[in-house]
Amino acid sequence: MNDGANRQAKNRSARERLQAERERQKKKDKRRRTLVVATAVVGVLGLAAVVGLIAANTGKDSAGGGPVTAPSGATGEDSLAIRTGSAEAPSTLVVWEDFRCPACKNFETMYKDTVHELEAKGLLKTDYHLVTLIDGNMGGSGSLKSANAAACAQDAGKFTEYHDVLFENQPPEPDDAYGKNAKLLELAGKVPGLDTAEFRACVEDGTHESWVGKSFEAFREGKFRGTPTVLLNGKDVMTEQITPQKMKEIVEAAAKGGGTKSASPASPAASGSPSAAGAPASPASKAKGSASSSRTASPSAPARGTGAQGAARE
């Protein structure tokens with residue numbers, strides 16, 4: 001009887017050890033999968049950026065002349081940012097984007113839900129700066145006209161919805177479909193209440209095109225590496241490898257008083273190293289140096305942009 005009891009105890013102990021080992025392995029596998037996914041999120045954006053870098057100012061500036069008319073509620077230095085989220089939110093996301101930029105679409109696809117969630121909770125405000133990088137590199141006017149249309153949507157109180165529709169329906173980079181107002185007006189039909197006579201007039205007249213041109217000037221003066229340039233409380237989301245999950249953790253910690261305080265968009269970058277060159281905290285900070293010097297991407301700081309997009313240089 002004792003021998004039988006001992007054997008049962010040994011078998012039970014062996015089974016328990018095996019079960020414990022399986023649980024440990026499951027946890028290890030889960031941690032590894034989480035790391036792989038987190039690395040892939042940032043890595044895809046970096047990979048999308050390394051094909052054919054071209055300077056941001058190689059092409060002609062597509063913005064026309066005329067008075068600079070900022071959209072309703074524009075904020076920041078020279079009123080060059082369109083803000084979403086609560087102005088009292090403790091964290092600030094600064095985004096420089098081009099609606100023709102494939103890497104910008106990748107960013108929006110991966111981070112959009114997180115950004116919207118944090119804004120809805122009152123924890124994050126986002127300052128969008130619209131630029132015309134692809135028009136200069138590839139030709140056409142789609143970057144300019146889509147940015148103008150987005151500013152017109154801001155006048156109508158529909159910026160976020162139309163912004164998302166533009167990225168969801170982004171044409172291939174060489175295709176200047178957004179250079180046609182008819183296409184932009186067609187997409188406005190996907191946003192309830194946007195396709196009005198006022199919106200159509202704003203799009204057709206190019207009401208905010210000079211404002212978009214001024215925003216692109218600030219982008220070049222800031223010597224940002226490329227698009228998208230995304231700063232969370234002054235830290236570059238790409239070079240710091242801030243995944244959507246990490247973004248949530250940082251923003252929630254800041255709201256509890258345990259994170260970095262929201263950096264002012266006007267504060268200068270703390271470092272001049274190549275890896276930080278793409279992440280000055282100022283939307284329009286004026287970097288000194290040769291006007292012809294280009295910036296080269298480092299492995300830890302991938303330049304943004306694909307195809308004819310590339311590193312910004314003066």
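**Figure 1. Packing of helix α7 against α4, α5 and α6.** The buried residues of α7 pack against α4 (142-155), α5 (159-168) and α6 (181-188), where packing rests on contacts, meaning heavy atoms within 4.5 Å. The view shows a predicted model, in which local features need pLDDT of at least 70 and side-chain atom pairs count only at pLDDT 80 or more, whereas totals for chains, interfaces and linings use all residues. Residues are numbered from 1 along each chain as its sequence is written, and side-chain values use heavy atoms, with hydrogens and water left out. Helices (H or I, at least four residues) and strands (E, at least two) are DSSP runs, numbered from the N terminus. The buried residues of α7 (residues 197-205) are Phe199, Cys202 and Val203. Seen down the axis of α7, these residues fall within an arc of 95° and so line one face of the helix; the arc is that of the directions from the helix axis to the C-beta atoms. Buried denotes under 20% relative accessible area, exposed over 50%, and partly exposed the range in between (1.4 Å probe, protein chains only). The face of α7 turned away from the buried side carries the exposed residues Ala197, Glu198 and Asp205. Gly206, which follows α7, has a positive phi near 60°.

**Figure 2. The disulfide between Cys152 and Cys202.** A search of the whole structure finds one disulfide, a term that denotes a pair of cysteine sulfur atoms within 2.5 Å. The disulfide is formed by Cys152 and Cys202, whose sulfur atoms lie 2.1 Å apart. Cys152 belongs to helix α4 and Cys202 to helix α7, so the pair ties together parts that are 50 residues apart in sequence. The torsion about the S-S bond of Cys152 and Cys202 is about -80°, and the disulfide is therefore left-handed. Cys152 counts as buried at 2% relative accessibility, and Cys202 counts as buried at 8%. Also buried are Cys101, with a relative accessible area of 0%, and Cys104, at 0% relative accessibility.

**Figure 3. The crossing of helices α2 and α5.** Two packed helices are described by the angle between their axes and the distance between the axes. Helix α2 (residues 102-120) packs with α5 at an angle of about 145°, the axes being 10 Å apart. Axes are lines fitted to C-alpha atoms, for helices over the stretch in contact, and angles run from 0 to 180 degrees between N-to-C directions. The α2 and α5 crossing is left-handed; a crossing is left-handed if the near helix is turned anticlockwise from the far one by less than a right angle, and right-handed if clockwise. From α2, the contact is made by Cys104, Lys105, Glu108, Lys112 and His116, and from α5 by Thr160, His163, Asp164, Phe167 and Glu168. By class, this contact of α2 with α5 comprises two nonpolar, three polar and five charged residues (Ala, Val, Leu, Ile, Met, Phe, Trp, Tyr, Cys and Pro count as nonpolar, Asp, Glu, Lys and Arg as charged, and the others, Gly among them, as polar).

Figure 4. Seven of the 10 residues of α5 are buried, so the helix is largely enclosed by the rest of the structure. The buried residues of α5 are Phe159, Tyr162, His163, Asp164, Val165, Leu166 and Phe167. Ala150, located in helix α4, is buried, with a relative accessible area of 0%. With residues up to four places away in sequence not counted, Ala150 touches Phe99, Leu130, Phe159, Tyr162 and Leu166. Ala150 and Tyr162 are 12 residues apart in sequence, and their C-alpha atoms are 6.5 Å apart in space.

**Figure 5. Backbone features in two loops.** Most residues other than glycine have a negative phi, and most peptide bonds are trans. Asp78 has a positive phi, near 60°, and lies in the loop between α1 (2-47) and β1 (82-84). Ser79, also placed in the loop between α1 and β1, has a positive phi near 55°. Asp78 counts as partly exposed at 48% relative accessibility, and Ser79 is partly exposed, with a relative accessible area of 28%. The peptide bond from Thr227 to Pro228 is cis, with omega near -5°. Pro228 is placed in the loop between α8 (209-221) and β4 (229-232).
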